[in-house]
Amino acid sequence: MDRLRPFGLLWLLLAFSTLCSPAFSNEDQDWTLVSDRNDIQVYMKHRDESRLKTFRGVTRFPLKDEYSLVALLNDYPSYPKWLHFVDSAEEFGRANPLDRQLRFTTQLPWPLADREAVLRAKVTQVLDPNPNSVKITLINQPDALPPTKNYIRFPEMTGILAFSRLSNHQIEMTYELILDPGGYIPAWIANILLRDAPYFTLERLRRIINKPEYQNHYYDYIELNGPGRLVDATPQAAPAPH
């Protein structure tokens with residue numbers, strides 16, 4: 001059922017790099033390849049401090065209009081269409097366009113209770129002088145909003161979304177998710193759901209990103225390539241997040 005997609009959280013504003021090397025190395029840090037299908041690799045790493053495992057997805061695909069990713073990530077109503085397990089997404093605060101506060105909800109199959117996440121999404125970009133790297137870091141803020149009836153709040157949720165710009169309009173995207181669903185969910189069930197989240201999120205994102213409504217946009221707070229970019233445009237510096 002399409003609504004029951006494992007929770008792939010993230011505020012994604014975007015993360016790109018002009019470096020030809022991947023944003024993360026999957027050959028170190030004890031990552032183990034657990035799935036390789038449809039040009040999407042999923043890696044797993046065990047964490048000694050948690051009963052749950054960490055999962056990372058990596059894929060490459062052509063993308064000429066990099067600003068289409070920003071347009072998609074600003075479209076909160078679309079999140080359930082591609083973020084695995086996400087039922088709704090909303091922004092409830094921001095310091096600037098690169099530092100936002102978000103709330104996600106997810107529906108789980110009965111008898112599991114529905115969950116919600118309250119997060120801070122920080123986008124960092126290095127210009128040296130070209131865009132060297134951009135990374136979205138998701139920071140858990142479970143106390144930023146009062147408790148919500150009918151939802152269990154994730155006690156732990158963090159994530160990273162990073163992009164590397166390769167040659168010939170190819171990009172590599174890496175998505176990493178760490179979470180503890182809280183409440184009573186056996187670790188083996190949670191790990192199965194988490195394992196699927198990177199694959200289905202990246203697979204759906206590759207398809208939806210090419211829709212016409214996400215093309216030919218420009219955002220002055222991030223330095224990317226695309227046909228909607230103004231000539232000689234320079235991104236405006238956002239206030240440094242605290």
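Predicted model: local features only at pLDDT ≥ 70, side-chain atom pairs only at ≥ 80, totals over all residues.
Me: How much of the protein chain counts as buried?
Reply: Of its 242 residues, 50% count as buried. The accessible surface comes to about 11500 Å², and carbon and sulfur atoms hold 53% of that surface.

Me: What share of the contacts in the protein chain with a separation of 6 or more joins residues 24 or more positions apart?
Reply: Such residues account for 64% of these contacts.

Me: Why is Arg153 called buried?
Reply: The term requires a relative accessible area under 20%. Arg153 has 16% relative accessibility, and therefore counts as buried. This residue is placed in strand β8, residues 152-153.

Me: What makes the pairing of Arg153 and Glu116 a polar contact?
Reply: A polar contact needs N or O atoms within 3.5 Å, one able to donate a hydrogen and the other to accept it. The side chains of Arg153 and Glu116 are joined at 2.7 Å, so the distance falls within that cut-off. The side chain of Arg153 also reaches the backbone oxygen of Pro142, at 2.7 Å.

Me: Which residues is Arg153 in contact with, leaving aside its neighbours within four places in sequence?
Reply: Arg153 is in contact with Glu116, Val118, Pro142, Leu145, Pro146, Pro147 and Thr148.

Me: Why is Pro155 called partly exposed?
Reply: Partly exposed is the term for values between the 20% limit of buried and the 50% limit of exposed. Pro155 has a relative accessible area of 46%, so the intermediate term applies. Pro155 lies in the loop between β8 and β9 (156-165). Not counting residues up to four places away in sequence, Pro155 touches Asn140, Asp180, Pro181 and Gly182. Its C-alpha atom is separated by 9.6 Å from that of Val118, 37 residues apart along the chain.

Me: Why does Asn216 count as exposed?
Reply: At 54% relative accessibility, Asn216 is over the 50% limit, so the term holds. Asn216 is placed in the segment after α3. Its phi is near 65 degrees, a positive value in a residue other than glycine.

Me: What makes Asn168 exposed?
Reply: Its relative accessible area is 70%, and exposed means over 50%, so Asn168 qualifies. Asn168 is found in the loop between β9 and β10 (170-180). Asn168 and Leu63, 105 residues apart in sequence, are 9.0 Å apart in space, C-alpha to C-alpha.

Me: Why is Ile209 called buried?
Reply: Ile209 has 1% relative accessibility, which is under the 20% limit, and so counts as buried. Ile209 is found in the segment after α3. Not counting residues up to four places away in sequence, Ile209 touches Phe61, Leu63, Ser68, Leu69, Leu72, Tyr214 and Gln215. The C-alpha atoms of Ile209 and Leu69 are separated by 6.5 Å, although these residues are 140 residues apart along the chain.

Me: How does the reach of helix α3 compare with the expected value?
Reply: Helix α3 (residues 187-208) has 22 residues and reaches 32 Å from its first C-alpha to its last. That reach is close to the 32 Å expected at 1.5 Å a residue.

Me: Where does the kink in α3 lie?
Reply: The kink lies at Ala197, shortly before the proline Pro198, and comes to about 30 degrees.

Me: Which residues have the most contacts inside the largest nonpolar core?
Reply: Tyr79, Trp82, Phe104 and Ile222 have the most contacts inside this core, which has 53 residues. Its largest share, 7 residues, comes from α3. In soluble globular proteins, nonpolar side chains tend to be buried together.

Key: Residues numbered from 1 in each chain as written. Heavy atoms only, no water. Helix = DSSP H or I, 4+ residues; strand = E, 2+ residues; numbered from the N terminus. Buried < 20%, exposed > 50% of the residue type's maximum accessible area, 1.4 Å probe, protein only. Contact = heavy atoms within 4.5 Å. Areas by Shrake-Rupley, 256 points an atom, 1.4 Å probe, with all protein chains shown as cover. Expected span 1.5 Å × (residues − 1). Bend = angle between axes of the 7 residues up to and from the residue. Core = buried A, V, L, I, M, F, W, Y, C linked by side-chain atoms within 4.5 Å.
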